[in-house]
Amino acid sequence: MAEEARWRLRFENFERALGQLETSVGGLPEGGLSDIEQAGLIKQFEYSWELGWKSMRDFLFETGTRIKVPVPANVIRAAHEVGLIEDGASWMDAKNARNQMSHEYSRDDAEKIVADIRRRYLPLLIGLRRSLTDERARGN
């Protein structure tokens, strides 16, 4: 599979996952989520975040940006340097939240991360979608 097809396919998957996350965030009450609602929202965030950083990675490779070791932190730094994303520090916070919830669970942490998904991380993912949509329209 060609690299161009790879980044575009990954981006399409990212768009679908993000759309589901947006629908979930928009449909949930502001506070007091059940454990199942929290778990579902966090899992949707994890899927969206994973597809987001991998879309960045594939796009950066496609456009010739060199990343010595293509792990999330390095991809985030490179994407910030080339202007694909605006807030690299918040992307790193989202990475840490994703890692924390996928390795260990605590109710207090889950409540904080759900609040951060709504307030901080969803806008980051939406911004990435906007940037990659613009790049796709330019033919990159």
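**Exercise 1.** At what angle do α2 and α4 pack, and how far apart are their axes? Classify the pair and describe the contact between α2 and α4.

*Solution.* The model used here is a predicted one.

Step 1. The angle between α2 and α4 is about 130°, and the axes lie 10 Å apart.

Step 2. Angles over 145 degrees count as roughly antiparallel, and 65 to 115 as roughly perpendicular. The pair α2 and α4 is therefore oblique.

Step 3. The handedness of this crossing is left-handed.

Step 4. On the α2 side, the contact uses I42, F45, E46, W49, E50 and M56; on the α4 side, it uses W91, A94, K95, R98, M101 and S102.

Step 5. Sorted by class, the contact of α2 with α4 has seven nonpolar residues, one polar and four charged.

**Exercise 2.** Find how helix α3 (residues 72–81) and helix α4 (residues 88–103) are arranged, and list the residues in contact.

*Solution.*

Step 1. The axes of α3 and α4 come within 9 Å and cross at roughly 160°.

Step 2. Angles over 145 degrees count as roughly antiparallel, and α3 and α4 are therefore roughly antiparallel to each other.

Step 3. Their crossing is right-handed.

Step 4. Helix α3 contributes P72, A73, I76, R77 and H80 to the contact, while α4 contributes G88, W91, M92 and K95.

Step 5. The contact of α3 with α4 holds five nonpolar, two polar and two charged residues.

**Exercise 3.** Describe the crossing of helix α2 (residues 35–62) with α5, and divide the contact residues by class.

*Solution.*

Step 1. The axes of α2 and α5 come within 9 Å, with a crossing angle of roughly 35°.

Step 2. The crossing of α2 and α5 is left-handed.

Step 3. Residues of α2 in the contact include D35, L41, F45, W49 and F59; from α5, they include R107, I113, I117, L125 and E135.

Step 4. The class counts for the contact of α2 with α5 are 14 nonpolar, four polar and four charged.

**Exercise 4.** How much space lies in the largest pocket, and which residues line the largest pocket?

*Solution.*

Step 1. The space in the largest pocket is about 160 Å³.

Step 2. Its lining consists of G83, L84, I85, E86, D87, W91, P123, L124, G127, L128, R130 and S131.

Step 3. Helix α5 (residues 107–137) supplies the largest share of this lining, with six residues.

Step 4. By class, the lining has six nonpolar, three polar and three charged residues.

Step 5. Compare with the earlier contacts. W91 lines the pocket, and W91 is also listed in the contact of α3 with α4 and in that of α2 with α4. L128 lines the pocket and is listed in the contact of α2 with α5.

Terms used
Residues are numbered from 1 along each chain as its sequence is written. This is a predicted model: local features need pLDDT of at least 70, side-chain atom pairs count only at pLDDT 80 or more; totals for chains, interfaces and linings use all residues. Side-chain values use heavy atoms; hydrogens and water are left out. On a 1 Å grid over the protein atoms alone, a cavity is a set of points where a 1.4 Å probe fits but cannot get out, and a pocket is an open set with protein on both sides within 12 Å along at least five of seven lines; lining residues have an atom within 4 Å of a point. Grid points are joined across faces, edges and corners, and a volume is the space filled by probe spheres set on the points. Helices (H or I, at least four residues) and strands (E, at least two) are DSSP runs, numbered from the N terminus. Ala, Val, Leu, Ile, Met, Phe, Trp, Tyr, Cys and Pro count as nonpolar, Asp, Glu, Lys and Arg as charged, and the others, Gly among them, as polar. Axes are lines fitted to C-alpha atoms, for helices over the stretch in contact, and angles run from 0 to 180 degrees between N-to-C directions. Angles under 35 degrees count as roughly parallel, over 145 as roughly antiparallel, 65 to 115 as roughly perpendicular and the rest as oblique. A crossing is left-handed if the near helix is turned anticlockwise from the far one by less than a right angle, and right-handed if clockwise. Contact means heavy atoms within 4.5 Å.
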